[in-house]
Amino acid sequence: MESFKNAVDDDTIAIMVEPVQGEGGVHPATKEFLQGLREFTKEKGILLLLDEVQTGWMRTGKPMSYMNYGIQPDIVSMAKALGGGMPIGAIVTTEEIAKAFTPGSHGTTFGGHPVSCAAALAEIEELQDRKLDENAAEMGAYLMEQLATLPHVKDVRGQGLLVGVEFDDFIDAVDLKHRCVDKHLLTTAIGKSVIRLVPPLIISKEDVDKAVAIMREALEDIDREQDA
């Protein structure tokens with residue numbers, strides 16, 4: 001909080017953060033931090049903007065990640081899951097702030113594309129009807145619990161089905177990622193030591209067990225090669 005407070009001056013109009021740092025290694029913000037940031041921005045009369053492009057639409061166990069923190073931001077940006085694969089991005093804001101967006105004030109070539117908007121509406125209905133936020137919360141907790149049993153794991157962190165696994169220095173995350181790909185499991189390596197998993201929202205316990213078994217097998221292969 002202190003670094004944010006020190007960075008704000010009279011020209012600051014807003015603070016924008018991710019509720020969960022995705023590319024940074026999957027680091028969820030603490031409730032204390034985000035609630036403190038919300039209080040601070042209100043005190044200063046500046047806006048709080050949340051980037052929910054990765055975390056939005058059921059990924060973190062709630063429709064939007066900020067709902068895990070008991071706060072209401074001023075503007076939320078979203079994309080990716082909003083369109084279910086179709087290209088679309090959007091922001092949601094308050095009625096008061098929306099008054100700043102007068103007709104013609106913000107133009108874009110593909111803004112409001114009817115096919116993408118229809119796809120987004122269908123996607124949101126599907127996410128809500130199937131209660132995939134609840135599945136993300138349940139399966140995310142199970143996934144993190146199972147990942148913690150793997151060898152060489154230093155830390156497992158995440159929110160819903162946005163999960164990061166940090167390994168000790170013995171494991172190279174990029175090497176592990178490629179070994180998992182060879183065994184038909186797709187993951188992402190973040191830096192040298194973190195594997196990020198962002199599975200489909202419809203994932204089941206059987207899927208989780210299969211994924212963790214593949215990672216365990218890959219880790220055991222690394223151990224055997226080092227011992228040879």
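1. Start with a single pair. Met 78 has Ala 90, in strand S6, as its bridge partner. The two strands involved, S5 and S6, run antiparallel and are joined over four bridges. Keep in mind that this is a predicted model.

2. Now widen the view to the sheet around that pair. Four strands make up an open sheet, ordered S1-S4-S5-S6, and their pairing is mixed. Strand S1 (14-17) and strand S6 (90-93) are the edge strands; each has a single partner strand, so one side of each lacks a neighbour in the sheet. On average, neighbouring strands here are turned by 20 degrees against each other, direction ignored. As background, strands of a sheet pair through backbone hydrogen bonds, either parallel or antiparallel.

3. Turn to a second sheet. This one is also open and has four strands, in the order S7-S8-S10-S9, with antiparallel pairing. S7 and strand S9 (188-190) are at its edges; each pairs with a single strand, so one side of each has no neighbour in the sheet. From one strand to the next, the twist averages 25 degrees. Helix H5 packs on this sheet and touches S7, S8 and strand S10 (194-197). The direction of H5 makes about 175 degrees with that of S7.

4. Strand S7 (residues 153-159) pairs with strand S8 (residues 162-167) in the antiparallel sense, over six bridges. Val 156 has Val 165 in S8 as its bridge partner. Asp 155 sits opposite Glu 166 in S8. Two residues lie between the strands, and in this hairpin Gly 160 takes a positive phi near 60 degrees.

5. How does H5 pack with H7? Helix H5 (residues 132-147) and helix H7 (residues 205-227) have axes 10 Å apart and an angle of about 25 degrees. That makes H5 roughly parallel to H7, because angles under 35 degrees count as roughly parallel. Their crossing is right-handed. On the H5 side, Met 139, Tyr 142, Leu 143, Gln 146 and Leu 147 take part; they meet Lys 205, Val 208, Asp 209, Val 212 and Met 215 in H7. By class, this contact of H5 with H7 has seven nonpolar, one polar and two charged residues.

6. H7 also packs with H6. The axes of helix H6 (residues 173-182) and H7 come within 9 Å and cross at roughly 120 degrees. H6 and H7 are therefore oblique to each other. The crossing of H6 and H7 is right-handed. Asp 175, Leu 176, Arg 179 and Cys 180 are the H6 residues; their partners in H7 are Ile 214, Met 215, Ala 218, Leu 219, Asp 221, Ile 222 and Glu 225. The contact of H6 with H7 divides into seven nonpolar, no polar and four charged residues.

7. Finally, which residues does Gln 54 contact beyond its neighbours within four places in sequence? Find Gln 54 in the loop between strand S4 (47-51) and strand S5 (75-78). Its contacts are Gly 22, Glu 23, Arg 59, Lys 80, Leu 162 and Arg 196. The side chain of Gln 54 makes a polar contact of 3.4 Å with that of Glu 23. Another polar contact, of 3.3 Å, joins the side chains of Gln 54 and Arg 196. Asp 182 is 128 residues from Gln 54 along the chain, and their C-alpha atoms are separated by 26 Å.

How values were computed
Residues numbered from 1 in each chain as written. Predicted model: local features only at pLDDT ≥ 70, side-chain atom pairs only at ≥ 80, totals over all residues. Heavy atoms only, no water. Axes fitted to C-alpha atoms, helices over the stretch in contact; angles between N-to-C directions. Parallel < 35°, antiparallel > 145°, perpendicular 65-115°, else oblique. Left-handed = near helix turned anticlockwise from the far one by under 90°. Contact = heavy atoms within 4.5 Å. Nonpolar A, V, L, I, M, F, W, Y, C, P; charged D, E, K, R; others polar. Polar contact = N/O pair within 3.5 Å; in protein donor to acceptor, adjacent residues only side chain to side chain. Pairing = 2+ DSSP bridges.
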